[in-house]
Amino acid sequence: MKIDEKLIELIDFNGNLNQKQFEILNISPCVDWKQNIINQEISEHNINLLLLLCGNFSQDIQEKIVNNYKNLLAYKKWQKEQKESTSSQNSLNQNLEDEDKEFLHIYCDGACSGNPGFAGSGLAIYSNKKNPVLLYGAFVENGTNNIAELNALYQALLIAKQSGFKDTIYIFSDSKYSIDCISKWAFSWKANGWTKKGGEIKNLDLIIKSHELYLSLKSNLVLEYVKGHSGVEGNELADRMALNAIKEKNEEFSFYRYENIDDILKMKFS
């Protein structure tokens, strides 16, 4: 969004700005400040702050306004994550209520020891009333959190595709980055020849493969965000598997054999 004359009128107080407003606009106080900011790119959050700060406030009050706004944003983010987490769990519970109805729920997660560092991916696959199938793999010696999350999501999509399941398949990930990459941003990147403004698309090969799988499954796929480390069993199990992939340095995905789910949830990794 660009600054126009209307916005300048709204943030202007008696022909001037206060110190915090100048800091947000990244300019020094000067007589011709209006000319210096016209058509400048600005985020919606900064516009909100400029409007809230309009007035002859002391430095302490300016700081308080900024801090209050940041706290508001943090609270709204927390509210959204809680709502998304509850929605994901409700979706799972609703499907589990009907014992006769078949379902396929796949939780995927990535982990990285250092960033970059050793990376691994894990999955927990739920089908009807059976114990979840656990998988770990995709070890990368010099990986990142994003690569680990994308590898996990790609494997989840691959399993969903190979399953031949005809009803709705649910895939849960705690990585908004990987979800947005393949279900949102990829559409515009693809339309622009797999390029984007501002630089290269990192992990492009993996994103392209995942996006193609996503498109082939889209009609009967629900891809949902679940808040990590919030007590959702499938997400916790996938997390342990990702950490185990790093521990075992497992490049190929392998089944993890177990007797008790609680033992998996109690696993500790140094």
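**Buried sites, cores and helix packing**

User: N235 first. Buried or exposed?
Analyst: N235 counts as buried, because its relative accessibility is 2%. Buried means under 20% relative accessible area, exposed over 50%, and partly exposed in between, with a 1.4 Å probe and protein chains only.

User: What kind of model is this, and what are the cut-offs?
Analyst: The model is predicted: local features need pLDDT of at least 70, side-chain atom pairs count only at pLDDT 80 or more, and totals for chains, interfaces and linings use all residues. Residues are numbered from 1 along each chain as its sequence is written, and side-chain values use heavy atoms, with hydrogens and water left out.

User: Where does N235 lie?
Analyst: In helix 9, residues 233–248. Helices (H or I, at least four residues) and strands (E, at least two) are DSSP runs, numbered from the N terminus.

User: What is N235 in contact with, leaving aside neighbours within four places in sequence?
Analyst: Y107, D109, D174, V226, K227, G228 and H229. Contact means heavy atoms within 4.5 Å.

User: H229, then. Which loop, and what about phi?
Analyst: H229 sits in the loop between strand 5 and helix 9. Its phi is positive, about 55°, although H229 is not a glycine. Most residues other than glycine have a negative phi. H229 counts as exposed, at 58% relative accessibility.

User: What is phi of N203?
Analyst: Near 60°, a positive value in a residue other than glycine. N203 lies in the loop between helix 7 and helix 8. With a relative accessible area of 23%, N203 is partly exposed.

User: Cis or trans from N115 to P116?
Analyst: That peptide bond is cis, with omega near 10°. P116 is in the loop between strand 1 and strand 2. Most peptide bonds are trans.

User: Change of topic. How many residues in the largest nonpolar core?
Analyst: It has 32 residues, and I106, L157 and I171 have the most contacts inside it. A nonpolar core is a set of buried Ala, Val, Leu, Ile, Met, Phe, Trp, Tyr and Cys residues joined through side-chain atoms within 4.5 Å.

User: Which elements each supply at least two residues?
Analyst: Strand 1 (104–114), strand 2 (117–127), helix 6 (145–163), strand 4 (169–173), helix 7 (176–191), helix 8 (204–217) and strand 5 (221–225). Helix 6 gives the most to this core, with eight residues.

User: At what angle do helix 6 and helix 7 pack?
Analyst: About 60°, with the axes 9 Å apart. Axes are lines fitted to C-alpha atoms, for helices over the stretch in contact, and angles run from 0 to 180 degrees between N-to-C directions. Helix 6 and helix 7 are therefore oblique to each other. Angles under 35 degrees count as roughly parallel, over 145 as roughly antiparallel, 65 to 115 as roughly perpendicular and the rest as oblique.

User: Left-handed or right-handed crossing of helix 6 and helix 7?
Analyst: Right-handed. A crossing is left-handed if the near helix is turned anticlockwise from the far one by less than a right angle, and right-handed if clockwise.

User: Which residues meet there, in helix 6 and helix 7?
Analyst: N146, E149, L150, L153 and L157 of helix 6 meet Y177, S178, I179, C181 and I182 of helix 7. They divide into seven nonpolar, two polar and one charged. Here Ala, Val, Leu, Ile, Met, Phe, Trp, Tyr, Cys and Pro count as nonpolar, Asp, Glu, Lys and Arg as charged, and the others, Gly among them, as polar.

User: And what about helix 6 and helix 8?
Analyst: Their axes come within 10 Å and cross at roughly 35°. This crossing is left-handed. The residues meeting include L150, Y154 and L157 from helix 6, and L206, L213 and L217 from helix 8. The contact divides into eleven nonpolar, three polar and two charged.

User: Last one, R240. Where is it, and what does it touch?
Analyst: R240 is in helix 9. At 14% relative accessibility, R240 counts as buried. R240 touches I264, L265, M267 and F269, not counting residues up to four places away in sequence.
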